[in-house]
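Open the model in your viewer and keep the selection panel at hand. The stops below say what to select and what is there.

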Amino acid sequence: MAPHHLPFYLAPGSGTDPLMVVMGVFLIGTVLWVGTLYWKLHSLPERMAHKSQKLQFEFVAVLGLISLFTHMHIFWIAGLLLAMIDLPDFGTPLRSIAGSVEKIAEATPVADGEEIPADSAAEPPPADKPGLLKEKEHSHV
């Protein structure tokens, strides 16, 4: 009773449906492509903050993980905004100042249990430099 020529979208009598197979492969490919796009978009703040300071990168990474597991998009937006802002680097100048002050004071780090030598701790300032005393006297005027 069936006609000899069926349209391509109807399954033949053998049981395999070529249109369903093509659509299944297309669906799997689309799901993988959308998933990859989602992960790239989700990791955008982390990739932006990767070139910044370590502390800022860690904050952005934590915000991204929180937004991933809680499905609250405000954390992702906060991470994106934080990644876009360049925070000033206070650590490097402060380390430089600390190193310079240490050199000026000629301080050497003391190991645990070691005592500071008595002759260097109780050493009075040099009195043979009269220029220093005059500068101190005139500095208050």
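Where does H71 lie? Select H71: this residue lies in the loop between α3 and α4. Helices (DSSP runs of H or I, at least four residues) and strands (E, at least two) are numbered from the N terminus.

Before going on, note that this is a predicted model, in which local features need pLDDT of at least 70, side-chain atom pairs count only at pLDDT 80 or more, and totals for chains, interfaces and linings use all residues. Residues are numbered from 1 along each chain as its sequence is written, and side-chain values use heavy atoms, with hydrogens and water left out.

Stay on H71. Its phi is positive, about 60 degrees, although H71 is not a glycine. With a relative accessible area of 61%, H71 is exposed. Exposed means over 50% relative accessible area, buried under 20%, and partly exposed in between (1.4 Å probe, protein chains only).

Now show the whole chain as a cartoon. It has seven helices and zero strands. Of its 141 residues, 10% count as buried.

H42 counts as buried because its relative accessibility is 11%. Which residues does H42 contact, leaving aside its neighbours within four places in sequence? They are G64, S67, L68 and W76. Contact means heavy atoms within 4.5 Å.

Next, select α1 and α3 together. Their axes come within 11 Å and cross at roughly 140 degrees. Axes are lines fitted to C-alpha atoms, for helices over the stretch in contact, and angles run from 0 to 180 degrees between N-to-C directions. The angle makes α1 oblique to α3; under 35 degrees counts as roughly parallel, over 145 as roughly antiparallel, 65 to 115 as roughly perpendicular, and the rest as oblique. On α1 the contact is made by Y38, W39 and H42, and on α3 by G64, S67 and L68.

For the last stop, select Y38, L41, H42, S67, L68, H71, H73 and W76, which line the largest pocket. Elements giving two or more residues to this lining are α1 (18-42), α3 (54-70) and α4 (73-84). The most comes from α1, with three residues. The volume of the largest pocket is about 170 Å³. On a 1 Å grid over the protein atoms alone, a pocket is an open set of points where a 1.4 Å probe fits, with protein on both sides within 12 Å along at least five of seven lines; lining residues have an atom within 4 Å of a point. A volume is the space filled by probe spheres set on the points.
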